[in-house]
Amino acid sequence: NADSKATFKAGLVKNFSKEFNPRVNIAQGYRTPDIRELYIFKNTANGIQRGADVVDTTIGKTAYDLKPESTTTYEVGTSGKINNTKYDFAIFYNDIEDLINEVNTGTYYTFQNIPEAKTYGIEVSVTQPIRDDLDIKFDYTELRTQNEQTKKDLEFTPKRTIGSKLIYQATKDVD
């Protein structure tokens with residue numbers, strides 16, 4: 001029995017040249033709890049995991065009414081292509097209400113809402129062709145988070161993510 005809510009997204013892009021295309025975006029997001037967050041009942045090497053709706057008297061776990069989360073995102077960025085190298089750079093800020101967050105209670109892991117939270121940071125990606133049908137892409141994200149009530153970092157969120165991947169295009173007919 002999932003709720004729904006209308007959200008919006010608006011943005012502007014100005015294409016000055018193939019090298020420089022600044023943008024501004026604002027968007028809303030709405031997410032209801034998923035099955036794992038509500039009903040997981042699992043023991044792992046990392047510990048006991050119980051969903052928000054699960055009652056487990058053996059560990060003192062009661063049901064928690066997990067609410068949907070709402071996010072408003074603000075982004076400023078630019079993208080382009082210099083010679084054969086494509087780039088994308090963005091600065092973002094997310095204002096989150098009722099964030100669905102994994103919590104370590106000391107006895108078990110479960111999910112609860114954080115009434116107000118924020119995340120912000122930068123994202124950078126660079127794609128470099130190696131051959132006509134093969135590119136390599138590098139991604140970097142620097143992320144900061146905060147529980148607005150406790151003023152502490154959110155648990156289980158990485159501060160830095162670095163990745164790379166090879167992109168193979170078998171035929172130019174498919175884009």
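Q: In this predicted model, is Arg31 buried, exposed or partly exposed?
A: Let's start with the cut-offs: buried means under 20% relative accessible area and exposed means over 50%. Arg31 has a relative accessible area of 31%. That value falls in between, so Arg31 is partly exposed.

Q: Which residue forms a salt bridge with Arg31?
A: Side chains of opposite charge can pair when their charged atoms come close. Here the closest N and O atoms are 3.6 Å apart, and the pair ties together parts that are 38 residues apart in sequence, with Arg31 in strand β2 and its partner in strand β5 (residues 69–82).

Q: How many residues apart are Arg23 and Asp88?
A: The side chains of Arg23 and Asp88 meet in a salt bridge at 2.9 Å, N to O. Arg23 sits in strand β2 (residues 21–31) and Asp88 in strand β6 (residues 85–104), so the pair links distant parts of the chain. Their separation is 65 residues.

Q: Which residue is linked with Arg23 and Asp88 in a network of salt bridges?
A: Arg23 counts as buried at 13% relative accessibility, while Asp88 is partly exposed at 25%. The network that holds these two also includes Glu75.

Q: What is the phi of Lys151?
A: Most residues other than glycine have a negative phi. Lys151, in the loop between β8 (134–147) and β9 (160–168), has a positive value instead. Its phi is near 65°.

Key. Residues numbered from 1 in each chain as written. Predicted model: local features only at pLDDT ≥ 70, side-chain atom pairs only at ≥ 80, totals over all residues. Heavy atoms only, no water. Helix = DSSP H or I, 4+ residues; strand = E, 2+ residues; numbered from the N terminus. Salt bridge = Lys/Arg side-chain N within 4 Å of Asp/Glu carboxyl O. Buried < 20%, exposed > 50% of the residue type's maximum accessible area, 1.4 Å probe, protein only.
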